[in-house]
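Work through the exercises below with the sequence and the model side by side. Try each task before reading its solution.

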Amino acid sequence: MSHRDAKTPNGRRGHNRPVLDGNADFPAFQPTTSSSLYSRLRCIRRLSLVLIWAFWVCCIQAILIRLPGRLKILMPQLLWKGVCLIMGIRTTVIGKSAGGVRSAKDVRSGQRPVVFVANHCSWLDIIIIGSALPGVFVAKGEVGKWPLIGTASRLGRTIFVSRNRQDTGRELQDMAARLWDGDDIVLFPEGTSSDGSRVLPFLSSFFAVAKPGRLEQAGLPKAPPVLIQPVSVVYDRLEGLPVGRSRRNVFSWYGDMDLAPHLWSFGQWRSMGASLMLHDPINPEDYRSRKELARATFKVVNDGAAELRRGQTDTARS
């Protein structure tokens, strides 16, 4: 975020780099990037390259998705890795993934699929998590209707869910089928995105596929035994410097914010960084109820996010 009244120190050449002050309190109407021709051209170049890269990867994925094999699982991960590179996003992964690329035969032989459970503050979460973990995202049904993004989501084999309780059985059946096929699933159980300064309480209904209740079990195919791996995501570097509270709106997309202006503003920054903390897996069978499982997972994700925001981890950036 830049402050249009910021002064250039005496004896130093002026520049277009955003002025970063973690303690600054800027009014809401001020822009989040410096208004310069170079930064706008940078954003245009990046968005153009992302569209070109996504077009060719999606063309390949449109073929792979109809074929047997595991390449259709890995191709979306390649897409998001390329987007991170183009957008100047560097990700630090802390911990080890419990998931992987497996087949239906592996699941039937006893290997457990993984349900990754993460906090959610931006559309960027999909890029960051998708570049690090080969998994299938669960998204609200409206996303499937968005131009371009909806097509890319379907090619990425996203599972779309609605708020209609009448569709719950079908959606759980879809998730169970994916787990039996060997896919890992990525959930955002806050149910919405936040401003990135805190993690909202998890909705226990998102854990139905891992710990189904009596109603979900009645007449529906049962999902295989799974592991829950909590994931904490925090955006902690901007232009090489730590991100304070006043800078989190550079990354966060929530409420009634429009995507296009947010994307245009975000793309003008030179470099960004995110940290992804993969916690120890949780066995759903160790908890008596779905609500207890949701509370335990929330605590792990929330504590991890708070630790990352405080910068208490000591890990080299990849």
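**Exercise 1. Which side chain does aspartate 184 join in a polar contact of 2.5 Å?**

Step 1. The partner is arginine 102: its side chain and that of aspartate 184 are joined at 2.5 Å. A polar contact is a pair of N or O atoms within 3.5 Å; within protein, one must be able to donate a hydrogen and the other to accept it, and residues adjacent in sequence count only if both atoms are side-chain atoms.

Step 2. Note the kind of model. This is a predicted model, where local features need pLDDT of at least 70 and side-chain atom pairs count only at pLDDT 80 or more, while totals for chains, interfaces and linings use all residues. Residues are numbered from 1 along each chain as its sequence is written, and side-chain values use heavy atoms, with hydrogens and water left out.

Step 3. Look for a backbone partner. A polar atom of the aspartate 184 side chain lies 2.8 Å from the backbone nitrogen of valine 114.

Step 4. Aspartate 184 sits in the loop between helix 6 (168-180) and strand 5 (185-187). Helices (H or I, at least four residues) and strands (E, at least two) are DSSP runs, numbered from the N terminus.

Step 5. Check its accessibility. Aspartate 184 counts as buried because its relative accessibility is 2%. Buried means under 20% relative accessible area, exposed over 50%, partly exposed in between (1.4 Å probe, protein chains only).

Step 6. List the surroundings. Neighbours within four places in sequence are left aside; aspartate 184 then has contacts that include Gly99, Gly100, Pro113, Phe116 and Pro134. Contact means heavy atoms within 4.5 Å.

**Exercise 2. Which rings are linked into a cluster by ring pairs?**

Step 1. Start with the whole structure. A search finds seven aromatic pairs. Rings of Phe, Tyr and Trp (its six-membered ring) pair if their centres lie within 6.5 Å; planes under 30 degrees apart count as stacked, over 60 as edge-to-face and the rest as tilted.

Step 2. Take one pair. Tryptophan 123 and phenylalanine 266 are edge-to-face, 5.7 Å centre to centre, with 85 degrees between the planes. The two are 143 residues apart: tryptophan 123 is in the loop between strand 2 (114-118) and helix 4 (124-132), and phenylalanine 266 is in helix 8 (residues 259-266).

Step 3. Check burial. Tryptophan 123 is buried at 18% relative accessible area. Phenylalanine 266 is buried too, at 1%.

Step 4. Phenylalanine 251 and phenylalanine 266 are edge-to-face, 6.0 Å centre to centre and 65 degrees between the planes. Phenylalanine 251 lies in the loop between strand 7 (241-242) and helix 8, and phenylalanine 266 in helix 8, so this pair ties together parts 15 residues apart in sequence. Phenylalanine 251 is buried, at 2%.

Step 5. Assemble the answer. The cluster holds Trp123, Tyr235, Phe251 and Phe266.

**Exercise 3. At what angle do helix 1 and helix 2 pack?**

Step 1. Pick the quantities. Two packed helices are described by the angle between their axes and the distance between the axes.

Step 2. Read the values. Helix 1 (residues 37-64) and helix 2 (residues 71-87) pack at about 175 degrees, with axes 10 Å apart. Axes are lines fitted to C-alpha atoms, for helices over the stretch in contact, and angles run from 0 to 180 degrees between N-to-C directions.

Step 3. Classify. Helix 1 is therefore roughly antiparallel to helix 2. Angles under 35 degrees count as roughly parallel, over 145 as roughly antiparallel, 65 to 115 as roughly perpendicular and the rest as oblique.

Step 4. Find the residues that meet. Among them are Leu49, Trp53 and Val57 in helix 1, and Met75, Leu79 and Ile86 in helix 2.

**Exercise 4. How many residues of helix 4 are buried?**

Step 1. Count. Seven of the nine are buried, so helix 4 is largely enclosed by the rest of the structure. Among them are Leu124, Ile127 and Gly130.

Step 2. Focus on serine 131, also in helix 4. Serine 131 is buried at 8%. Its side chain reaches the backbone oxygen of isoleucine 128 at 2.8 Å.

Step 3. Look across the chain. Serine 131 and lysine 81 are 50 residues apart in sequence, yet 4.8 Å apart in space, C-alpha to C-alpha.
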